[in-house]
Amino acid sequence: MASRAVDPSIQVPAPAPTATISADQPLSHAVADVPELLPAGRCAFDPYLSEPCEGSPTAHYALLLPSSGDAEAAEIALRKGRTLRLAAGYPFAVTFDDMPTKKSKQRGIAVVAGLFAERGQAEAYASHLPPGTEIVELASREDVDFTGKRTASVEIAEDTLAWAPEDIDVVEATLDEELAKKWVKLPEQKARRDRALAGIKPRCSLTQGRVFATDQSKLFKYQRNYAPVRCDDGREAWVALRATRLDTVVTRPAGGALVHQVILVECDQPTVETRHFDAGSAAKPVRLAMGGPC
């Protein structure tokens with residue numbers, strides 16, 4: 001991939017030193033974030049996240065919280081997982097299509113409590129998690145065919161509004177017309193989109209931790225500005241991509257956890273936005289790494 005333009009005045013903090021977990025300690029804030037615990041996300045499978053994942057060992061093992069694999073069970077597992085005081089970014093929901101295991105027949109949505117390079121590291125961490133936590137060996141990206149029909153999970157990262165697709169169509173058509181007349185940079189595009197959405201009655205609202213399964217081919221109907229969901233009445237709706245965990249990885253540098261999200265792909269070149277993990281999607285990004293020219 002071509003190199004990306006980055007604001008040189010913005011310095012992303014270096015990883016913080018942390019203590020190694022020992023098997024005789026209960027999991028707590030003091031030991032939840034250990035050097036062996038890898039960034040929370042699909043570093044092992046998403047080449048578009050190669051820059052924020054750079055320098056991190058490849059994840060070969062995942063710790064999965066007990067769940068039956070459907071969206072409702074994933075929501076329950078996420079709620080329980082948030083009570084465990086795991087490291088920033090954990091737990092998170094992902095389909096086995098997007099994070100395949102050596103057991104190729106596994107299907108549905110998994111809830112990941114930790115990613116590790118070595119099995120022994122995963123076993124030590126798992127000893128502090130609830131009974132039923134499963135250690136699975138992940139497949140290698142080179143051995144997986146990502147071209148077929150696949151299912152993706154949309155995890156809601158914060159309380160958010162959802163809009164009807166017909167309203168989204170109008171917003172995006174209007175924005176396209178404006179950009180055809182005069183191009184503006186991505187931050188101003190987002191500001192215009194946000195102002196337009198603020199004037200539209202949402203179809204529903206969704207709370208953090210909701211999970212939805214969707215066909216992978218449907219994800220980018222609106223490029224990477226929105227993600228497909230369902231309201232409680234079953235109607236189709238769309239939420240802002242930044243309000244979800246789609247295409248994200250969470251790193252834990254000394255200055256505080258950061259979420260890196262792919263917000264645009266053009267000519268197979270990703271644009272990655274970096275935000276403070278706890279600040280919410282409305283916060284000003286701390287870094288925007290632009291994709292290279294087509």
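Aspartate 232 is exposed, with a relative accessible area of 68%; exposed here means over 50% relative accessible area, buried means under 20%, and partly exposed lies in between (1.4 Å probe, protein chains only). The side chain of aspartate 232 meets that of arginine 210 in a salt bridge, 3.1 Å from N to O. Aspartate 232 sits in the loop between E10 and E11 and arginine 210 in the loop between E8 and strand E9 (211-215), so this pair links distant parts of the chain, 22 residues apart. A salt bridge is a side-chain nitrogen of Lys or Arg within 4 Å of a carboxyl oxygen of Asp or Glu. Helices (H or I, at least four residues) and strands (E, at least two) are DSSP runs, numbered from the N terminus.

Before going further, a word on the model itself. This is a predicted model, in which local features need pLDDT of at least 70 and side-chain atom pairs count only at pLDDT 80 or more, while totals for chains, interfaces and linings use all residues. Residues are numbered from 1 along each chain as its sequence is written, and side-chain values use heavy atoms, with hydrogens and water left out.

The chain has 6 helices and 15 strands, and 47% of its 294 residues count as buried.

How many salt bridges does a search of the whole structure find? The search finds 18. One of them joins arginine 150 to aspartate 98, with the closest N and O atoms 2.4 Å apart. Arginine 150 lies in the loop between strand E5 (134-137) and strand E6 (151-155), and aspartate 98 in the loop between E3 and E4, so the pair ties together parts that are 52 residues apart in sequence. Arginine 150 counts as buried at 13% relative accessibility, and aspartate 98 is buried too, at 8%.

Aspartate 97 is buried yet has no salt bridge, and the nearest side chain of opposite charge, arginine 107, is 4.1 Å away. (Lys and Arg count as positive and Asp and Glu as negative; His and the chain ends are not counted.) The side chain of aspartate 97 does reach the backbone nitrogen of threonine 151, at 2.8 Å.

Now turn to the sheet. An open sheet of 5 strands runs in the order E1-E12-E13-E14-E15, with antiparallel pairing; two strands pair if DSSP finds at least two bridges between them. E1 and strand E15 (287-289) stand at the edges with a single partner strand each, so one side of each has no neighbour in the sheet. Inside the sheet, 8 bridges join strand E13 (residues 258-266) to strand E14 (residues 269-276). Glutamine 261 stands opposite glutamate 273 in E14. Glutamate 273 is buried, at 5% relative accessible area, and forms a salt bridge with arginine 242, the closest N and O atoms being 2.8 Å apart.

Finally, the whole structure holds 2 disulfides, a disulfide being a pair of cysteine sulfur atoms within 2.5 Å.

| Disulfide | Sulfur distance | S-S torsion |
|---|---|---|
| Cysteine 43 and cysteine 53 | 1.9 Å | about -75°, left-handed |
| Cysteine 204 and cysteine 231 | 2.1 Å | -80°, left-handed |

Cysteine 53 is buried at 9% relative accessible area, and cysteine 231 counts as buried at 6%.

Note on methods:
Polar contact = N/O pair within 3.5 Å; in protein donor to acceptor, adjacent residues only side chain to side chain.
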